[in-house]
Amino acid sequence: MRSELGDTGSLVRSSGTRHSPSRQLLSAWAKYDRTTDESLSLLRHSEDAAEVAGRLWDEWLPPATRRILAGDSTDAEARILGQFLAGTHDVGKLSPVFAVQVELLCGPMRDAGLMFPHPIDHRSDTPHSAVSFVAMEHYLIERGFDRGTARSYAIVVGSHHGVTPDRKQTKVSDDPPAKHYGDAPWETARMELIADIADLVGASDLLPRWAARPLSIPQQVLWTGFVIMADWIASNSELFPLSGRSESAVSAEQAWRWLDLPAPWAPAPPSNLGELMSNRFRLPAGAQPNPVQTAVFREASAMEEPGMLIVEATMGSGKTEAALAAAEILAAKFGLGGVFVALPTMATSDAMFGRVHDWLTRQPHGTVTSVQLAHGKSHLNETFRKLDRARLVDIGADDPDDLPHQRTEVIAHQWFFGRKRAMLAGFVVGTIDQLLFGALKAKHVMLRHLALSNKVVIVDEVHAADDYMRHYLVRVLEWLGTYRVPAILLSATLPGHQRVELVEAYERGRGITDGAGDPVTGNIGYPVVTTVQRQRSVSVVPVDGTRTITVSRITDDDATLVQTLRAALAGGGCAAVLRNTVTRAQQTARALRAECGDAVVLLHSRFAARHRSDLEKHLVAQLGRDGSRPHRLIVVATQVIEQSLDLDFDLMISDLAPIDLLFQRVGRLHRHQRPRPAGLATACLILTGVEDWEGAPPEPVSGSVAVYGRSRLYRAAAVLAGRTLLAIPDDIPVRVQEAYSGELVPPPGWESALSRADDEYAAHAADQRDRADSWRLSPPRVRSLIGWLAQNTDDADGARGHAKVRDSEDGIEVILTQRVGGRVYLLNPCGGDLIDTEFEPDPPSLARKVLESSIRLPQELCLPRRIDQTIRELEQRMYPGWQESRWLAGELVVELDEDGVAEVNGHRLTYTEEDGLVIERIVTG
């Protein structure tokens, strides 16, 4: 039974009659604005939320998610259930513990016979969401539900503030305390509201059927996310203005039209891969899909049910295009409404965003779709910044049929701005953190699960997740498997044990425990596509030809490095020198500048955000596919170029690193087909960063050990020992699997040192898993969601959340400014603007520009023993005027003097355009 809108915009029963609510119910309030003394009737908000839920079901949820939510019910029944749950979510506001907050609104409730106990203390012990849980449980039990089934529905309304009720809150079900819940008239009014909504949306007749169908754990999680979203929209006072009326001043139909959320994606990809690729991507004239892309398309097209694809292929082999093409196929087959692309870093996310945006504009349907860039520096991405983000899309727009049909209009819809909403957009590109948050005990995690369940999930560079992050990734894959979310994992260098771990996690979510099908351990071939459905299958991709890379080694000193580069670049060329730490990269760049001057460019993570972005753009313009390629250039860099940038070098010198990361670095060596300078026609990797290559084993420099640990460095050195050539792609799977194998046989004399290093690594990995478990969500097959988010991290997207999914010291982000002649400026590489610090920067665009001068302080200042003192010092230096800015309030500042120097917690910080931020310990007498 579907409800209709009456003339006033409120729901009415299908019979056309209007319920006459009691005085008690009419007196209850839901929201109050202290600045205007305007309030919102609880009855009105409940009906608005119910109608919004119906609109979300009809016009926003994709078919795949509707199927999960419906379970054994019909689509129509599930729609009514969604309206019923959304319409009753705030029933707990009919309680003294909530209503007492506004004395002005207590009077009418007292006049209606709702008495307030006195005093009402310990209010925080009973949030109104807990009262909603208890009320719904009572209501359903009275209508024949057993307690377990009743709770499976009550948990949804009881969790609408993003946290599930805890065991203490649910223990009061049989005898709720009157001082918080109220006496009999309060209980009667709550039951009336639930019954009114049930009757209003057509749920009353369905209750006997639902009593025999408890909601599964996945359904409870997703229904909660759905109700939260409906509540947030219905609570928007721009859409539903506050007034004391008990009926809606604005119809939900009109509000929904104003909001204008884009409909879910409905792709219709061509059945021919060549046509699909040429229509969606900017391919060179005459280009054809390569064997890897053909294999991925074939496996996706053959899928009979949602599953997972793991694509392992060389760097630059078009895996991204293959994944996006496969996403179209899978979304069309299984009814997904969008795509989420997860990447290791902000830089990789930025690079991917432009590609995904371009792909979206080439969709042929002439519709509007919303895209988000989900990371903390999205405002710096030029493509994203240009999207129309200010509007509620086309408020009062003409008929959607008037939109152009040539291609999809891609917008950044205003409603999806904000940390907790961004993932709900149809298409999202973001850091892998945004995916890992789906396994973090965090407030509103249900909303993130709803967002993920709507989409095809692509994880690029999946090997980049370290042991700690992979512990969260495994749990997320369990949930994705449970939701039947298609997942596509991409890697050039995936160790076999990680492949097994990821496959088994998805299978657990699917309820598969026997691992049926082809084995996925060890070296299973390369390039290769692994498909996980009810059965596993492995498809090895035949490729023609290999390229050879020569491998040599040099001692770790500046003189040898300079001599090597001078000889190699005598005829010109572009070289990369990769260091494993920022400090080491800075020292190397200084040494090379003394010999090579302006031909040296430094890139690392300690440049201010805008400065680094400009450096990266400049390098891509020079060294990208269509770059200008200077006669001679030396780029000294850290790991930031392993994955983030499309750079092509003629020569590479690299510190010893784990073998999979070395292959990633090699992916920037002779990346594109082009003529090379004399002497550099063959790709050459020169290894350094080792104290003595004749050692048993060779000992890496201390900075590399601090970053990667000895075990993985020793193992990389072992599999490369004696080798002067690498064949790509043949050597990638062989050397990676060999390096990570428990059966690795090291060169003679290495055994004892390698064994000790392996033991250290194993202990470290076990500690990482233990620490991750403290904050990791339980698996999908828990018995109950009661207490599910106990001891949560609150806001996943805040600093605490990021720290929980990445095993690193808590970094402190600051704004860099410079005081010159008594006035404060932004740094020259960030615009050099004069900034007011006594008042809010004006215009607001200037405040946003200030954020482009952000930088993360070095680890030396963020160690556990130093971080509190660092923060205390910086808090004393905050600019008072900035606290009035919505953009800058709370931002910490490091103010440099005229020489570009500042002192923080016993360290001297210096910023230059050449080196970025340099840190030195201040040594006192």
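Mentor: Start with a term: two strands pair if DSSP finds at least two bridges between them. Keep in mind that this is a predicted model.

Trainee: Which residue in β9 is the bridge partner of Gln372?

Mentor: Val428 again is the partner, this time of Gln372. Strand β7 (residues 368–374) pairs with β9 over four bridges, in the parallel sense.

Trainee: Why is β9 called largely enclosed by the rest of the structure?

Mentor: Five of the five residues of β9 (residues 427–431) are buried, so the strand is largely enclosed by the rest of the structure.

Trainee: How many residues of helix α27 are buried?

Mentor: Eight of the eight, across residues 659–666, so α27 is largely enclosed by the rest of the structure too. Among the buried residues are Ile659, Phe663 and Val666. Asp660, Gln664 and Arg665 are also buried.

Trainee: Switching to sheets. What is the strand order in the open sheet of seven strands?

Mentor: The order is β16-β17-β15-β18-β19-β14-β20, and the pairing is mixed.

Trainee: Which strands stand at the edges there?

Mentor: β16 (600–603) and β20 (725–728). Each has a single partner strand, so one side of each is left without a neighbour in the sheet. From one strand to the next, the twist averages 20°.

Trainee: How many bridges join β16 to β17?

Mentor: Four, and the two strands run parallel. Strand β17 covers residues 632–637. In β17, Val636 is the bridge partner of Leu602.

Trainee: Which strands does helix α25 lie across?

Mentor: Helix α25 (residues 582–596) lies across β15 (573–578), β16, β17 and β18 (651–655). Its run is at about 170° to β16. Helix α26 (residues 609–623) packs on the sheet as well, touching β15, β16 and β17. The direction of α26 makes about 130° with that of β16.

Trainee: And the sheet of three strands, what order does it have?

Mentor: That open sheet goes β25-β26-β27, with antiparallel pairing. At the edges stand β25 (901–904) and β27 (916–921). Each of these has a single partner strand, so one side of each lacks a neighbour in the sheet. Neighbouring strands are turned by 25° against each other on average, direction ignored.

Trainee: What joins β25 to β26?

Mentor: Four bridges, with the strands running antiparallel. Strand β26 spans residues 907–912. There, His907 is the bridge partner of Val904.

Trainee: What does Tyr911 contact, leaving aside its neighbours within four places in sequence?

Mentor: The list includes Arg606, Phe607, His611, Leu816, Ile855 and Gly900. The C-alpha atoms of Tyr911 and Gly900 are separated by 5.4 Å, and the two residues are 11 apart along the chain.

Trainee: Where does Thr530 lie?

Mentor: In strand β12 (residues 528–532). Thr530 is buried, with a relative accessible area of 0%. Leaving aside neighbours within four places in sequence, its contacts include Met308, Ile310, Glu312, Arg499, Val520 and Ser537.

Trainee: Now helices. At what angle do α17 and α18 pack?

Mentor: Helix α17 (residues 319–334) and helix α18 (residues 346–361) pack at about 40°, their axes 12 Å apart. That makes α17 oblique to α18. The crossing is right-handed.

Trainee: Which residues meet?

Mentor: Thr320, Glu321, Leu324 and Glu328 in α17 meet Met352, Arg355, Val356 and Trp359 in α18. By class, the contact has four nonpolar, one polar and three charged residues.

Trainee: Last pair: how do the axes of α2 and α11 cross?

Mentor: At roughly 35°, coming within 11 Å. Helix α2 is residues 42–59, and helix α11 is residues 184–201. This crossing is right-handed. From α2, the contact involves Leu42, Leu43, Ser46, Glu47 and Ala50. From α11, the residues are Leu193, Asp196, Ile197, Leu200 and Val201. They divide into seven nonpolar, one polar and two charged.

Conventions: Residues numbered from 1 in each chain as written. Predicted model: local features only at pLDDT ≥ 70, side-chain atom pairs only at ≥ 80, totals over all residues. Heavy atoms only, no water. Axes fitted to C-alpha atoms, helices over the stretch in contact; angles between N-to-C directions. Parallel < 35°, antiparallel > 145°, perpendicular 65-115°, else oblique. Left-handed = near helix turned anticlockwise from the far one by under 90°. Contact = heavy atoms within 4.5 Å. Nonpolar A, V, L, I, M, F, W, Y, C, P; charged D, E, K, R; others polar. Buried < 20%, exposed > 50% of the residue type's maximum accessible area, 1.4 Å probe, protein only.
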